[in-house]
Amino acid sequence: MAASHCPFLFLLLALALSAPALLRADGGGGQEARKTYIFRVDHRAKPSVFPTHAHWYASAAFASAAGPLEPLHVYDTVFHGFSASVPASRAEEMRRHPAVLAAFEDRVRQLHTTRSPQFMGLRARLGLWSLADYGSDVIVGVLDTGVWPERRSLSDRNLPPVPSRWRGGCDAGPGFPSSSCNKKLVGARFFSQGHDAHYGTAAVASNGSVEFMSPRDADGHGTHTATTAAGSVAYEASMEGYASGVAKGVAPKARVAAYKVCWKGAGCLDSDILAGFDRAVADGVDVISVSIGGGSGVTSPFYLDPIAIGSYGAVSRGVFVATSAGNEGPTAMSVTNLAPWLATVGAGTIDRNFPAEIVLGDGRRLSGVSLYSGKPLANSSLPLYYPGRSGGLSASLCMENSIDPSLVKGKIVICDRGSSPRVAKGMVVKEAGGAAMVLANGEANGEGLVGDAHVLAACSVGEKEGDALKAYAANASNPTATISFGGTVVGVKPAPVVASFSARGPNGLVPEILKPDFIAPGVNILAAWTGATGPTGLEGDARRTEFNILSGTSMACPHASGAAALLRSAHPGWSPAAIRSALMTTAIVVDNRAGPVGDEAEAGRAATPFDYGAGHIGLGKALDPGLVYDAGEDDYVAFMCSIGYEANAIEVVTHKPVSCPATNRKPSGSDLNYPSISVVLYGGNQSKTVIRTATNVGADASATYSARVQMASGGVSVSVKPEKLVFSPTAKKQSFAVTVVAPSAPPSAAPVYGYLVLSDGGGHDVRSPIVVTWLQPM
């Protein structure tokens with residue numbers, strides 16, 4: 001230990017020798033309720049007498065009168081510290097321990113629940129797939145619900161040996177021998193300590209559902225996301241006939257390492273997520289995919305957010321991290337996973353749909369979607385019934401035990417979307433004797449539709465069609481209808497469209513950082529599925545399928561992870577920030593009709609950067625973006641200083657000592673070298689300048705790029721100085737200033753959008769969205 005730590009060493013030894021006398025009893029004989037806390041520890045303070053940090057944490061230095069501390073997890077890679085289940089009073093004492101930098105309570109997070117690679121611009125034996133050998137030398141770590149290893153999408157056929165740098169392992173457990181891993185599934189681990197402390201060990205299957213205390217996936221979500229990112233080629237794939245064809249991940253030769261941190265029906269504990277990050281980076285993954293978040297409105301500062309902390313530790317070691325933006329759209333400011341060092345991925349549609357049609361007794365035809373694959377309706381016309389007309393809110397939502405079987409038997413039942421899973425409503429109707437169901441969107445979901453593999457004949461309709469259907473059921477003397485199912489349709493236009501459920505900006509924590517970063521395919525995505533449950537995930541669904549079709553930003557995130565794997569393979573020297581920059585500056589903002597990308601939540605409305613960030617991932621140009629906006633640890637530390645974090649709070653994230661230098665120029669979060677530009681004007685301040693630095697990664701070391709800016713109406717002007725960036729073999733980086741001048745505007749003024757393009761005239765157009773907003777000063 002360095003000499004500067006000697007006094008601290010003696011203090012810690014004194015604490016270790018006298019801990020029982022210094023610390024109060026543990027909650028009065030164990031009567032106080034326990035909770036799990038995550039403790040960030042200054043790892044440099046460990047006395048040399050302890051061989052490891054685990055020995056130190058278990059010693060008298062961290063003990064109480066009730067006995068030694070019993071850590072659930074010990075973190076030593078992306079984070080230094082431990083988690084433990086202790087009473088609140090004990091946690092408060094631990095916060096005052098001289099080596100403890102921070103402590104926060106464990107929280108439960110939720111999962112954000114193959115044509116899509118081609119839709120992003122990938123083509124067999126061409127471009128990024130070819131040059132990156134489909135990602136064969138890259139390892140993608142997936143933090144999720146585990147994996148079902150027997151699926152064809154995890155076959156290692158024709159794969160070369162596992163990269164020699166891989167340090168991971170295959171944790172054996174019930175139903176999961178260590179032989180489950182292969183050259184494709186190179187690692188599989190599970191983390192249940194946080195879950196067990198929160199729910200109790202017996203709670204793993206207390207609801208009667210199947211679960212495995214091993215990396216085996218009982219839920220299906222983890223298998224789906226892993227194979228979306230890196231699934232092997234599987235021929236004759238479909239979900240009960242829907243989306244039939246060849247299934248493959250975005251990086252079909254990349255290796256998969258599964259880290260089970262989420263448990264069926266129980267969510268994901270922060271302490272287990274952090275343990276997954278820690279182990280994945282230690283094992284040697286290149287990319288981490290995290291389709292998990294805290295939900296809308298969860299805006300903990302980065303130093304209290306384990307996903308932000310874990311991802312920083314990963315990124316600082318060169319690991320790219322992709323996260324899902326959340327499914328709370330189209331509500332403004334609903335986006336989650338906001339740290340600027342990770343990629344935040346929203347969801348868009350692809351050009352494939354699964355149409356259904358409702359034919360009313362009066363001859364009208366209403367359009368919907370469905371993945372129902374059972375027998376068609378026996379009768380050409382059935383009675384139509386809406387339980388919400390007389391049964392109240394619960395009945396309108398078709399909640400469990402809310403509808404009268406005598407009123408719905410043999411009828412098509414209209415159920416409002418919300419409050420319970422879409423497929424669960426179908427089970428309620430089926431168990432009550434209903435013949436079919438129509439799931440109607442309300443205002444919250446608008447016209448956004450996703451297909452579901454319902455347990456009875458059913459389809460979903462948008463808000464307008466739902467309103468028309470309910471009006472017909474209320475006013476017709478003898479309302480009748482039938483439903484027909486149209487299978488799979490490709491070439492749908494327009495596409496992409498921002499999914500209605502995809503979480504939206506602005507960034508509720510740091511509005512100067514635009515989130516989400518981009519969108520990727522996240523609606524009706526086909527990928528491998530668990531063998532433990534049916535396609536609906538319901539206990540009463542006895543069907544078993546090799547593949548399933550799901551929607552959510554959970555499905556979009558692994559598309560970005562797979563894309564990052566391909567770019568890492570093609571450009572092994574690029575940083576995580578450079579990879580994200582390539583994906584952002586080459587993203588597309590026009591659909592397959594050459595019009596602006598639209599918003600599914602509001603027909604006819606063009607989406608904005610608050611909806612899609614930089615746009616929809618388009619991998620046709622990401623391999624050769626021309627310029628990238630790079631960033632590293634020093635940049636992120638300066639950013640955290642600029643948003644007012646104290647040095648000790650920043651150290652919780654970086655686990656390194658930091659200092660925030662004094663400066664004459666007031667720093668701003670907008671100055672982070674980010675590929676997008678978000679300018680926030682406070683009060684009367686109507687002019688702002690931000691700095692960006694571009695790095696030339698093109699084949700031509702001598703290149704000149706000219707700046708072009710276009711802004712929407714609103715009186716905002718944007719200038720760039722210098723207007724031309726000249727690169728050479730000795731000048732690979734060039735900085736420039738972007739100055740925004742805006743008229744005085746009230747706080748309620750609508751944001752103004754635009755973009756900056758740096759073009760070399762030879763095919764490289766480096767595009768950055770610009771957003772200008774007005775806020776009242778705090």
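## Confidence

pLDDT is the predictor's confidence in each residue, on a scale from 0 to 100. This is a predicted model: local features need pLDDT of at least 70, side-chain atom pairs count only at pLDDT 80 or more, and totals for chains, interfaces and linings use all residues. Residues are numbered from 1 along each chain as its sequence is written, and side-chain values use heavy atoms, with hydrogens and water left out.

The chain averages a pLDDT of 88. At least 70 is the score of 89% of the residues. Over residues 1–30, pLDDT stays under 50. For that stretch the model has 46 contacts (heavy atoms within 4.5 Å) beyond four places in sequence.

## The chain as a whole

The chain has 778 residues, and 58% of them count as buried. Buried means under 20% relative accessible area, exposed over 50%, and partly exposed in between, with a 1.4 Å probe and protein chains only. The chain holds 20 helices and 39 strands. These are DSSP runs numbered from the N terminus: helices are H or I with at least four residues, strands E with at least two.

Helix 15 covers residues 553–570. Of its 18 residues, 17 are buried. From first C-alpha to last it reaches 26 Å, close to the 26 Å expected at 1.5 Å a residue. The expected span is 1.5 Å times one less than the number of residues.

A cis peptide bond joins glycine 329 and proline 330, with omega about 0°. Proline 330 sits in the loop between strand 15 (320–324) and strand 16 (343–348). The bond from lysine 721 to proline 722 is also cis, with omega near -5°. Proline 722 lies in the loop between strand 35 (717–721) and strand 36 (724–727).

Asparagine 401 has phi near 65°, a positive value in a residue other than glycine. Its loop runs between helix 11 (388–396) and helix 12 (405–408). Asparagine 401 counts as exposed because its relative accessibility is 76%.
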